[in-house]
Amino acid sequence: MRWAVPEAEFVDPGTLGCQGCGGALSMRLVLKEVGDDAIAVLPACCWSIIDGPWPTHALRIPVFHTAFETAAVVAAGIKAAKRRQGRDTTVIAWAGDGGTFDIGLQALSGAAERNEDILYVCYDNEAYMNTGIQRSSATPRGTWTTTTPDENPEPRIKKDIMGIIAAHRIPYAATATAAYPEDLARKVRTAMEARGGMRFLHILAACPPGWKVAADQAIEVMRRAVRSRVFPLYEVRDGRHYTITYRPEPVLPIEEYLGLQGRFAPFGADPALVAAARREVDDRWAWLEEQHERSLQPATT
Amino acid sequence: MTPLDHVDDYPEIPVSLGSTRAAIKTGDWRSVRPVEVDRTAPCAFACPAGVDVPRYLDLIRLGRLDEALAVFAERNPFPRITGRVCPHSCEDGCNLAAATGDDPVAIRSIERWLGDATAQIPLPQPFEATRRRVAVVGSGPAGLAAAYYLRRSGHRVTVYERRPIAGGMLRHAIPEYRLPSAVVDAEIARLVDMGIEFVTGVELGRDFHLDELAPEHSAVFLATGACRARPVGITGEHLLDSGLEFLETAGLDLSIGRGMRCAVIGGGNTALDVARVVRRLGGEVTVLYRRTAEEMPAIREEYHHAVADGVVFEWLTLPRSVEKGEAGLVVTVEEMRLGKPDGSGRRRPEPTGRVRQLIFDRVFSAVGETADSTPFPANLKNAEGWLEVGPGGATADEMVHAGGDLVTGPATVVAAIAAGREAARLIDRRLGFSDRWASMPHQPVVGPDEVNPSYRSSARRTSDPKARTVDPLGEETLTVAAEAVLVELERCLSCGHCNACGTCFVLCPDGAIRWEEDGPVIDLEFCKGCGICVVECPGRALVLVNEREGPSFDGTSGASSDGRTSGRHGNGEAVLSKGGQVNA
């Protein structure tokens, strides 16, 4: 094996993820670095199902299913109990974009503000996929979902969750995707080393049924998200210090990301949407480069 | 953990104690199945000898050099030789270049390194002795290759060579700076070590005749090459020097002084070799060729080297006569223009009537070589007096085969090696042995639209470093360093051959690919058939098979119309490579 990714597995096969599930793959890759001294807290999300029906489950670590809005705070509570037991078990709050951007945001903000010693992972498939593809505040502008149909696609830009998290000044936050497994693995390692405070990973996870792509294109579509700069890969330390961890060269035209997915059909009908998306991507990248550049400067007091 | 027997045994808070591994066999969901197959790589297909490049590159990476040499020697026993002089059509076929625009993998440099690194290892040894004897006439690349494969088949082999020393064109026509004779010596020594007998200084037609070989030998392979220089056919022919003879004695020819004005007539490999040797000896040299660079039959790379050496080219220039003048040899040339394509597919040069005169001190003729068929008996020749040769080199006498330049006219070393091997394969069959040697790799090859270069190395292509030598005819390049080979190996996508890179294992969303010591194993109990492993495999060494149609590998079912696997299977259509063989 020539990948700097551990061989050890902490997810048993027999999971109920759809064919080509980016969320299932993300869990597999994250746990490879976290190891088995860990507990996962799952609010309502695809993974509530993927882990398997009672009385079986797939993760080789304990899983605590909890209410939609509570992933971060339940994880913080379990961590407190573990600390009380004298254990340094890693507690992972593992939530989708609905449980992070929307419904779980207050608990997440509270835990981040208290700098709870948990690893919060948001696997973001950009809509409520588990319940039938309803839009969330992570759904990009112009996207088709069952609640934002083709003739009336998502009107608002995607919420900047990394900006919200950075504003809490937690020790470590990063974006990642399974299409770049070594980058993802390294960020999980860095998050594990930053234990003692709150760590946040924003993982883009393709959803073939919800994104309307062939299952075998799941990795390709995530790769194109990165190569087109739609989903930049970067880290934020202490909420201020930004590092871009991958600069695509050459940059893929955004059309090649959009065109691969049926959910972006409204873009085909409205060139203005494409132009707006390109502008957002370019602005975002320029801003990130500024932050990256600024972070390289010696600290001024 | 095992599931408890009864619901009542579970605590009040529902707890899952069993694993989905035992309870949920997601393999049931699948309509298509990934299958690991060995498919033909474009480099192997482009190689005249069919060397399985991805396989030997993989073995080098694993540090198993003796096995890498063995894989190489299945098709070509002389990586040290072809690693130096081959025009590497393998690299022209490289999918990395076609799919990405990157430079192709430097296969020849790796091959040369492998040859040098394994120079002290004996070549793969013969099968059980057969008590058959086979004669090989000629010890150029075709003869040597045939001798090797016949010997490996267990036969006793005697090679007859008319010159005092074996090696043929390898030794006498290819200049020392491209292929040192020490390398040829060493390769022949390895053949001697295998038990191949060399009889030198005996010439067919002069010292012995074909029918004299019959009583002692079960079969004969004729590989006497194309070593008769074709005349230019102009007035003053006697004033020309033979390029071929010059190459043979180049190391000893002290007549070329600094600044001596030389011309070479021709555009083939001999012409360029002569021109480059003259440059090395300090002379000025102009190549006179009746067509243009485009149509030149010489190896492309050699042309670029010649230009770099300072060889001057006069295109569309046809010599009409040579005569002795006061200032030197006066060559009258006519300017040509290109007309319609001729039988060779190249545009035919046509005279324009415009004539001029050029002056040189020496003029070499190198307009091609032909075979000498005078030593062959009449029953093997056609009406024109040439040896009549069928597929695989068979002649009218079923125990006499022929191959190499003798049959094809001047060609490459690798083509001669391939011909020698093919003849040995057929002779072995004629001697009553079942197919012991694989035939050439077949279509379809893995295409550039099938590979996934996303994970490729960003390293730049390596090349053989220039040698610094005081000897003008000393080898001009060095063998690359082992470190450079290791970097170069990472650039190979390993088309059609699993080299255990681990991409499928890392990216399987369902953990349905196990990693075992020597590579990935697909767990069909759980594989959902998403196809990610197939499209992400850098070299497409996996294909999807439709479950309904079952494992049919004759290529008749499920193959897409172009005979290749297709990257997309969203409609559940089965795809399978023709001639694919199941490995897993």
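**Contacts between chains B and A in a predicted model**

Across the interface of chain B and chain A, 22 residue pairs are in polar contact, both members of each pair having a pLDDT of 80 or more; the structure described here is a predicted model. On the side of chain B that touches chain A, the elements giving two or more residues are β1 (18-19), α1 (20-23), α19 (503-507) and α20 (532-536) of chain B. The largest share of that side, four residues, is contributed by α19(B). Sorted by class, the side of chain B that touches chain A contains 21 nonpolar, 16 polar and seven charged residues.

The size of an interface is often expressed as the accessible area that is lost when the parts come together. For chain B and chain A, the area buried between them is about 3500 Å², and 56% of it lies on carbon and sulfur atoms. Within chain B, the residues that lose the most area to chain A are B:T20, B:F505 and B:V506, which together make up 16% of what that side buries. In terms of residues, the contact takes 44 from chain B and 43 from chain A.

Side chains of opposite charge can pair when their charged atoms come close. Three salt bridges are found across the interface of chain B and chain A, and one pair that meets in a salt bridge is B:E536 and A:R223, with a distance of 3.0 Å from N to O. B:E536 lies in helix α20 of chain B and A:R223 in helix α9 of chain A, so this pair joins two chains. Both partners are covered: B:E536 is buried with a relative accessible area of 1%, and A:R223 is buried with a relative accessible area of 3%. The side chain of B:E536 also makes a polar contact of 3.1 Å with the side chain of B:N452. When neighbours within four places in sequence are left aside, the residues in contact with B:E536 are A:I219, A:E220 and A:R223 from chain A, together with B:N452, B:Y455, B:T503 and B:L507 from chain B. A:R223 forms a further salt bridge with A:E220, in which the closest N and O atoms are 2.7 Å apart. A:E220 and A:R223 both lie in helix α9 (residues 218-227) of chain A, three residues apart, or about one turn of the helix, and both are buried.

Over all chains, the structure holds 73 salt bridges. Another of these joins the side chains of A:R135 and A:E154 at 2.8 Å from N to O. A:R135 and A:E154 are 19 residues apart, and both lie in the loop between β5 (119-124) and α6 (161-167) of chain A.

Chain B has 20 helices and 21 strands, and its C-alpha trace spans about 115 × 55 × 45 Å along its principal axes. Of its 584 residues, 55% count as buried. Among the contacts in chain B with a separation of 6 or more, 70% come from residues 24 or more positions apart. One element that is mostly covered is helix α8 (residues 107-117) of chain B, in which nine of the 11 residues are buried; among them are B:R108, B:E111, B:R112 and B:W113.

In a regular strand, the side chains alternate between the two faces of the sheet. In strand β15 (residues 362-365) of chain B, B:R362 and B:F364 point one way and B:V363 and B:S365 the other way, and all of these residues are buried. Strand β8 (residues 241-242) of chain B runs parallel to β15(B) and is joined to it by two bridges, with B:F364 as the bridge partner of B:D241. Strand β9 (residues 261-265) of chain B also runs parallel to β15(B), here through four bridges, and B:I265 stands opposite B:S365.

A buried strand residue of chain A is A:I92, which is found in strand β4 (residues 90-96) and has a relative accessible area of 1%. The C-alpha atoms of A:I92 and A:L119 are separated by 4.8 Å, although the two residues are 27 apart along the chain.

Note on methods. Residues numbered from 1 in each chain as written. Chains lettered and ligands numbered in written order. Heavy atoms only, no water. Contact = heavy atoms within 4.5 Å. Buried area = accessible area lost by both parts, 1.4 Å probe. Salt bridge = Lys/Arg side-chain N within 4 Å of Asp/Glu carboxyl O. Polar contact = N/O pair within 3.5 Å; in protein donor to acceptor, adjacent residues only side chain to side chain. Nonpolar A, V, L, I, M, F, W, Y, C, P; charged D, E, K, R; others polar. Buried < 20%, exposed > 50% of the residue type's maximum accessible area, 1.4 Å probe, protein only. Pairing = 2+ DSSP bridges.
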